[in-house]
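Here is a short report on a metal site and on charged pairs. Keep the sequence and the model open while reading.

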Amino acid sequence: MRGYRADRAFDGERVVHGGALVLVEDGRIAGVEPGDAAVGCPVTHLPGTTLLPGLIDTHVHLCADSRPFALDRIPEMSADELDAVVRKSLRDQLMVGVTAVRDLGDHHFAVVDRHLGGDGPTVVAAGPPITSAGGHCWSMGGEVDGDDEARRAVRERAERGAQVIKVMASGGVMTVTTDVLVPQFSDDRLRLVVDEAHALGLPVVAHAHPVAAIEQCLDAGVDGIEHCTCIGPTGISTPPGLAERIAASGVVVGPTLGHVPGMEPPPQVQAVMKRTGMTLEARLAQVGELHRAGVPMIGGADSGIGPGKPHGILPHAVAHMVGIGMSCAEALASVTGAAAKACGLGDRTGRLRAGLDADLLVVAGDPLTDIAALQQVRLVVSRGVEVDLNG
Ligand SMILES: [Zn+2]
């Protein structure tokens, strides 16, 4: 048994006043004691720090290497190269305190088939996103044409061990041959995908930008919507009542905020911004609108897709969540407790609670009053093992 003590703590849902002492044994949290508790085992106590659960990036692409056109270059990689990229992606995530990730799009089951998670972050994976013929991210291997193929695609993912179904409900910015303003599936086919997944016990997370695709997703009964941009030909705008409808539906939104500060968006994104008049300010205001309407939100960053969104960018996404009007505690919950729940990991990680995996993050300062402190990583524990932050 060993302990980790900090003067301040956040348990994944709320502030723990007086700090906490987390006891760790065999990779699990054995107990959570008050910050000043005395115990008879070795205790690591870093003064002036805050202890919280390891973070969860709910939207990553482990096959993508964070370089320009990362998604487009995946098909050119050999199996060995892909291996190295996935390993480095996980490593980069761990270094900033991310101890669990949800991969929302791999290349031909590269992540699902690797059964990752032994010593690195816990991985929940979708396999190749289900998309239309020639649709968004088609080169990942998830194209379906017709209802039978759509149904088969869901079954194949369940059989191979995917823990979530990702469906591309609209075109996407990063596949320039698709239209980000247009839905990719008929209402019926999207519903078929959702019904088939639910019958097999799998949640469905949909990529959706335009209002028409978001409404389609709500009608079809998806569990999560990623991006949820509400973008149209004249920029971003949420029609009256839509935010309230999302809030009432129970759908969890991942707005995929977060990018390297000061870095220009990639050319594909700039093209869409130019075409629609969309701005970052309008986008942040729209996410704020969703938050104020009570839409539950998680903080995944779409990590790995380019230099502006590398693996390990999540703390910046959390800062953006504060920027749109969340309290620091709400923003931290969006990448810990709430994120775990959305990923089906609520009984594994995301909280400081006895019985869960010992996934811990210790940062200097107080992220509950200054969210930038989340970037001052002092210690990361992944399933009870301290991560070598210099290695
Ligand atoms: Zn993505």
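A residue is called buried when its relative accessible area is under 20%, exposed when that area is over 50%, and partly exposed in between. The model is predicted.

**Zinc site**

Three protein residues donate to the zinc ion: His 59 through NE2, His 61 through NE2 and Asp 302 through OD. These donors lie 2.0 to 2.2 Å from the zinc ion. Along the chain their spacing reads H-x1-H-x240-D. The site links distant parts of the chain. His 59 sits in strand β8 (residues 55–60). Asp 302 sits in the loop between α8 (280–292) and α9 (314–323), 243 residues apart from His 59. Both His 59 and Asp 302 are buried.

**Salt bridges**

Side chains of opposite charge can pair when their charged atoms come close. With a cut-off of 4 Å between a side-chain nitrogen of Lys or Arg and a carboxyl oxygen of Asp or Glu, the count comes to 20 salt bridges. The table lists some of them.

| Salt bridge | Closest N and O atoms |
|---|---|
| Asp 11 and Arg 351 | 3.1 Å |
| Arg 351 and Glu 13 | 3.4 Å |
| Glu 196 and Arg 155 | 2.8 Å |

Take Arg 351, which pairs with Asp 11. Asp 11 lies in the loop between β2 (8–10) and β3 (15–16), and Arg 351 in the loop between α11 (337–342) and β19 (360–364), so this pair ties together parts that are 340 residues apart in sequence. Asp 11 and Arg 351 are both buried.

Arg 351 also forms a salt bridge with Glu 13. Glu 13 lies in the loop between β2 and β3, so its pairing with Arg 351 ties together parts that are 338 residues apart in sequence.

Is Arg 351 buried or exposed? Arg 351 counts as buried because its relative accessibility is 13%, and the limit for buried is under 20%. Glu 13 counts as partly exposed because its relative accessibility is 35%.

The pair of Glu 196 and Arg 155 is a link between two helices. Glu 196 belongs to helix α4 (residues 187–199) and Arg 155 to helix α3 (residues 147–160), 41 residues apart. Glu 196 is buried, with a relative accessible area of 14%. Arg 155 is partly exposed, at 40%.

Definitions and conventions: Residues numbered from 1 in each chain as written. Predicted model: local features only at pLDDT ≥ 70, side-chain atom pairs only at ≥ 80, totals over all residues. Heavy atoms only, no water. Donors = N, O, S within 2.8 Å, 3.2 Å for Na, K, Ca; no water. Helix = DSSP H or I, 4+ residues; strand = E, 2+ residues; numbered from the N terminus. Buried < 20%, exposed > 50% of the residue type's maximum accessible area, 1.4 Å probe, protein only.
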